[in-house]
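Q: I have a model open and would like to learn how to read it feature by feature. Can we go through it together?

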Amino acid sequence: MTPIEASAPGKLMLFGEHAVVYGYPSIVTAVDQRIYAKAESVAAKTFSVIAPEVEMPEYSKSVEDVGNGQIPRSVEFLERLYARFRAKYPQAQGISVTTRSEFSSKFGFGSSSAVTAAFAKALNELYSTNMTEQEMFDLCYKTVLDVQGVGSGFDLAAAIWGGTLYYVKPAKVVEQLRIDELPLVVGYTGIKADTASIVNRVKAEKEHGPVVDGIFDQVGALVEIAKTAILAADWRLVGELMTQNQALLEELRVSSPELDILIDAADAAGAYGAKLSGAGGGDCMIAVTDVHKKEDVERGIASAISIQGTMKAGQVIHVHTHAQGARIEG
Ligand code: PMV
């Protein structure tokens with residue numbers, strides 16, 4: 001059998017992070033930086049991974065042991081997905097998978113979900129299993145829960161369906177927003193966020209009293225307005241709503257000094273609005289701008305100096321939004 005290469009995009013959360021974990025709607029866009037997984041059926045009964053960009057570049061084990069024993073973190077999504085795939089679609093042969101990425105796993109673009117989606121897409125094609133996108137999502141989402149226990153699956157939805165999605169977990173609602181590209185500027189703080197620990201802290205606070213629920217109700221209402229504003233390409237309003245969403249995220253105490261500095265820099269340079277994207281604590285911020293202000297906003301972010309000394313300057317990451325979902329390459 002000839003090898004099959006598939007790819008899936010990274011993502012940026014536009015509105016509704018954290019609340020989405022509790023069933024509120026969110027809006028996510030796929031970005032045009034992708035992860036690739038090439039799958040090849042092999043006669044040996046082994047599961048092998050070649051991933052030059054991670055700390056365990058080569059890994060192999062018997063297919064009988066897939067999903068069992070100690071699994072290195074860098075291959076865990078691939079191995080657990082393959083374990084679930086084999087359980088559903090038994091295979092006589094083994095498999096070799098080679099991955100490569102167009103973006104650093106540090107950015108918070110959802111590299112784990114993208115690599116999982118790309119591998120699922122490649123397996124589906126290789127073995128003609130005819131999974132629908134929904135079935136692929138279900139398999140990948142179970143895999144993500146196997147590995148990290150928490151997550152709304154918004155990043156998987158972006159990786160599988162692509163475009164810009166109005167999303168309610170777990171893919172209960174996946175509505176494609178029919179727009180062109182969003183006028184976004186993306187700034188990276190240089191700090192890797194620990195999503196699971198931030199999500200768990202919010203969970204503990206939510207269980208402690210009504211404050212978090214009150215914030216989430218406001219986020220949920222804001223997402224509905226944002227959906228209409230995005231569909232109308234009213235970027236000024238989209239920016240204002242981002243600023244409001246950011247204020248609610250600050251109330252949740254998930255922002256960070258570095259994110260705040262980059263967001264302030266974007267605002268000072270004339271952006272319509274800005275917010276963190278994802279769990280918070282680091283990773284990236286996003287700003288919506290008029291096309292004529294884009295360069296000013298990029299310069300503002302790139303020259304923002306941290307008073308904390310933890311960040312020299314924001315790194316502008318050039319991406320196109322509304323990218324295509326998981327696809328077969330070649
Ligand atoms: O940090 P990221 O990019 O994985 O985003 C996390 C977003 C949360 O809403 C906080 C968690 C989730 O799974 O939706």
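Q: What should the 21 residues of helix α6 span, and how far apart are its end C-alpha atoms?
A: Keep in mind that this is a predicted model. At 1.5 Å a residue, helix α6 (residues 211-231) should span 30 Å, and its end C-alpha atoms are 31 Å apart, which agrees.

Q: Which residues of α6 are buried, and what covers them?
A: Buried means under 20% relative accessible area. In α6 the buried residues are Val-212, Ile-215, Phe-216, Val-219, Gly-220, Leu-222, Val-223, Ala-226, Lys-227, Ala-229 and Ile-230. Their cover includes the strands β1, β2, β6 and β7, along with the helices α5 (195-208) and α7 (235-251). Ile-230 is also among the residues with the most contacts inside the largest nonpolar core.

Q: How many residues does that core have, and which others have the most contacts inside it?
A: The largest nonpolar core has 115 residues, and besides Ile-230 the residues with the most contacts inside it are Phe-15, Phe-47, Phe-109 and Phe-119. Take Phe-109 as a case. Leaving aside neighbours within four places in sequence, Phe-109 is in contact with Gly-10, Lys-11, Leu-12, Val-31, Gln-33, Phe-103, Val-186, Cys-284, Ile-317 and Val-319.

Q: Where around helix α9 do the buried residues sit?
A: First list them, then look at their directions from the axis. In α9 (residues 294-302) the buried residues are Val-297, Glu-298, Gly-300 and Ile-301. They cover an arc of only 160° around the axis, so they are on the same side of α9. Glu-295 and Arg-299, on the other side, are exposed. The buried residues pack against β8 (184-188), α8 (257-268), β10 (284-288) and β11 (315-317).

Q: Which backbone angles deserve a second look?
A: Most residues other than glycine have a negative phi, and most peptide bonds are trans. His-18 has a phi near 70°, a positive value, and is found in the loop between β1 (4-15) and β2 (26-42). Asn-130 has a positive phi of about 55° and lies in the loop between α2 (111-126) and α3 (133-148). Just after α6, Ala-233 takes a positive phi of about 50°.

Q: Are His-18 and Asn-130 buried or exposed?
A: His-18 counts as buried because its relative accessibility is 5%. Asn-130, at 65%, counts as exposed.

Q: Where is there a cis peptide bond?
A: One joins Lys-169 and Pro-170, with omega about -20°. Pro-170 lies in the loop between β6 (164-168) and β7 (173-176), and Lys-169 lies in that loop too.

Q: What surrounds Lys-169?
A: Leaving aside neighbours within four places in sequence, Lys-169 is in contact with Val-20, Val-21, Tyr-141 and Ser-152. A polar atom of the Lys-169 side chain lies 2.8 Å from the backbone oxygen of Val-21. Lys-169 and Tyr-22 are 147 residues apart in sequence but 8.2 Å apart in space, C-alpha to C-alpha. Lys-169 is partly exposed, as its relative accessible area is 25%.

Q: Which residues come nearest the ligand?
A: Of the 13 residues around the ligand, the nearest are Lys-11, His-18, Ser-152, Thr-195 and Ala-279. The next step is to look for polar atom pairs. An N or O atom in the Lys-11 side chain is 2.5 Å from an oxygen atom of the ligand. Polar side-chain atoms also lie 2.6 Å from a ligand oxygen in Ser-152 and 2.7 Å from one in Thr-195.

Q: Which side chains make polar contacts with Ser-255?
A: The Ser-255 side chain makes a polar contact with that of Gln-246 at 3.1 Å and another with that of Asp-260 at 2.7 Å. Ser-255 is found in the loop between α7 and α8 and counts as buried, at 17% relative accessibility.

Notes
Residues numbered from 1 in each chain as written. Predicted model: local features only at pLDDT ≥ 70, side-chain atom pairs only at ≥ 80, totals over all residues. Heavy atoms only, no water. Core = buried A, V, L, I, M, F, W, Y, C linked by side-chain atoms within 4.5 Å. Buried < 20%, exposed > 50% of the residue type's maximum accessible area, 1.4 Å probe, protein only. Contact = heavy atoms within 4.5 Å. Helix = DSSP H or I, 4+ residues; strand = E, 2+ residues; numbered from the N terminus. Arc of directions from axis to C-beta. Expected span 1.5 Å × (residues − 1). Polar contact = N/O pair within 3.5 Å; in protein donor to acceptor, adjacent residues only side chain to side chain. Near = heavy atom within 4 Å.
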